[in-house]
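Me: I would like to learn how to read the features of a structural model, one at a time. Could we work through an example together?

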Amino acid sequence: MDIVFNCPHCEQELAVDSSGAGSEIQCPSCSEKIMIPADAALPAPEAPAGVSHQSAGHSIATSAAAKVEMHLKVPVRDKPGEVLIAKPKPPLEAVARGAGKKIRVRTIRHSNCVEAGHDKFDEKVTEFLNEIGEANIVVAHTISYTHFDVGTQKLLTDYGLMILYRG
Ligand SMILES: [Zn+2]
């Protein structure tokens, strides 16, 4: 980055590297001693320098600004990156799971799970759920129903489970 200024004696336009700001030089045109201005020409070249921060600057101030810029950018880039990688996965898996499968329903009545006095309701429900797989369970509802019990010759109210699943 150069400081461009005019010689105060002969008005010759001079360009000097910004590292020379504030130092005294001899004008190559009129040979008068002149001071290189530190601020006069700086504001103008600073704007284009700020745009090209990524391409290494010459001065310490420019590289420091570039470092700050990097610190700000890194976390901003990381967060959306993680989200973008994590988000598309579940829908894709869900599509794969559901592909070629139909929605079905299975009703498991408690009264049908009692064999020779042994309550096998939990066992049968567990067996069925593991068979279809957790990913294929859409919803499970408890049901209440009345049935005629042959043993007691009475109408009994019992419970069961209605499972909506893909299979
Ligand atoms: Zn001069």
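Me: How many aromatic pairs does the structure hold?

Reply: This is a predicted model. The structure holds 2 aromatic pairs. A pair of aromatic rings is described by the distance of the centres and the angle of the planes. Phe121 and Tyr159 form an edge-to-face pair, with 5.2 Å from centre to centre and 80 degrees between the planes.

Me: Which parts of the chain does the pair of Phe121 and Tyr159 link?

Reply: This pair links distant parts of the chain, since Phe121 belongs to helix H4 (residues 121–132) and Tyr159 to strand S9 (residues 154–166), 38 residues apart. Phe121 is buried, with a relative accessible area of 7%, whereas Tyr159 is partly exposed at 38%.

Me: What is the geometry of the pair formed by Phe128 and Tyr165?

Reply: Phe128 and Tyr165 are also arranged edge-to-face, at 5.2 Å centre to centre and with 85 degrees between the planes. Here too the pair links distant parts of the chain: Phe128 lies in helix H4 and Tyr165 in strand S9, 37 residues apart. Phe128 is buried at 4% relative accessibility, and Tyr165 is buried at 9%.

Me: Which residue lies over the face of Tyr145?

Reply: That residue is Arg109, at 5.6 Å from the ring centre of Tyr145.

Me: Let us turn to the metal site. Which residues coordinate the zinc ion?

Reply: The zinc ion is coordinated through the SG atoms of Cys7, Cys10, Cys27 and Cys30, at 2.2 to 2.3 Å. Along the sequence these donor residues follow the spacing C-x2-C-x16-C-x2-C. Cys7 lies in the loop between strand S1 (2–6) and strand S2 (13–17), and Cys30 in the loop between strand S3 (24–26) and strand S4 (33–35), so the pair ties together parts that are 23 residues apart in sequence. Cys7 is buried, with a relative accessible area of 0%, while Cys30 is partly exposed at 26%.

Me: Why is the arrangement around the zinc ion called tetrahedral?

Reply: Ideal angles at a metal are 109.5 degrees for four tetrahedral donors. Four donors count as tetrahedral if all angles lie between 85 and 135 degrees. The 4 donor atoms around the zinc ion subtend angles of 106 to 116 degrees, and the arrangement is therefore tetrahedral.

Me: How many bridges join S8 to S9?

Reply: There are 12 bridges between S8 and S9, which run antiparallel. Val139 has Leu164 in S9 as its bridge partner, and Thr142 stands opposite Leu161 in S9. S8 and S9 form a hairpin with 4 residues between them, and Gln153 in the turn has a positive phi of about 55 degrees.

Me: Where is Ser111 found, and what distance separates its C-alpha atom from that of Asp158?

Reply: Ser111 is in the loop between S5 and strand S6 (114–115), and is partly exposed with a relative accessible area of 22%. Its C-alpha atom and that of Asp158 are separated by 6.8 Å, although the two residues are 47 residues apart along the chain.

Me: Finally, how many helices and strands are there in the chain, and which pattern do they follow?

Reply: The chain has 4 helices and 9 strands. Read along the sequence, the pattern is β-β-β-β-α-α-α-β-β-β-α-β-β. Of the 167 residues in the chain, 19% are buried.

How values were computed: Residues are numbered from 1 along each chain as its sequence is written. This is a predicted model: local features need pLDDT of at least 70, side-chain atom pairs count only at pLDDT 80 or more; totals for chains, interfaces and linings use all residues. Side-chain values use heavy atoms; hydrogens and water are left out. Rings of Phe, Tyr and Trp (its six-membered ring) pair if their centres lie within 6.5 Å; planes under 30 degrees apart count as stacked, over 60 as edge-to-face and the rest as tilted. Helices (H or I, at least four residues) and strands (E, at least two) are DSSP runs, numbered from the N terminus. Buried means under 20% relative accessible area, exposed over 50%, partly exposed in between (1.4 Å probe, protein chains only). A charge sits over a ring if NZ of Lys or CZ of Arg is within 6 Å of the ring centre and within 35 degrees of the ring normal. Donors are N, O and S atoms within 2.8 Å of the metal (3.2 Å for Na, K and Ca); water is not among the atoms, so sites may look incomplete. Four donors count as tetrahedral if all angles lie between 85 and 135 degrees; four count as square planar and six as octahedral if opposite donors are over 155 degrees apart and all others between 65 and 115; anything else is irregular. Two strands pair if DSSP finds at least two bridges between them.
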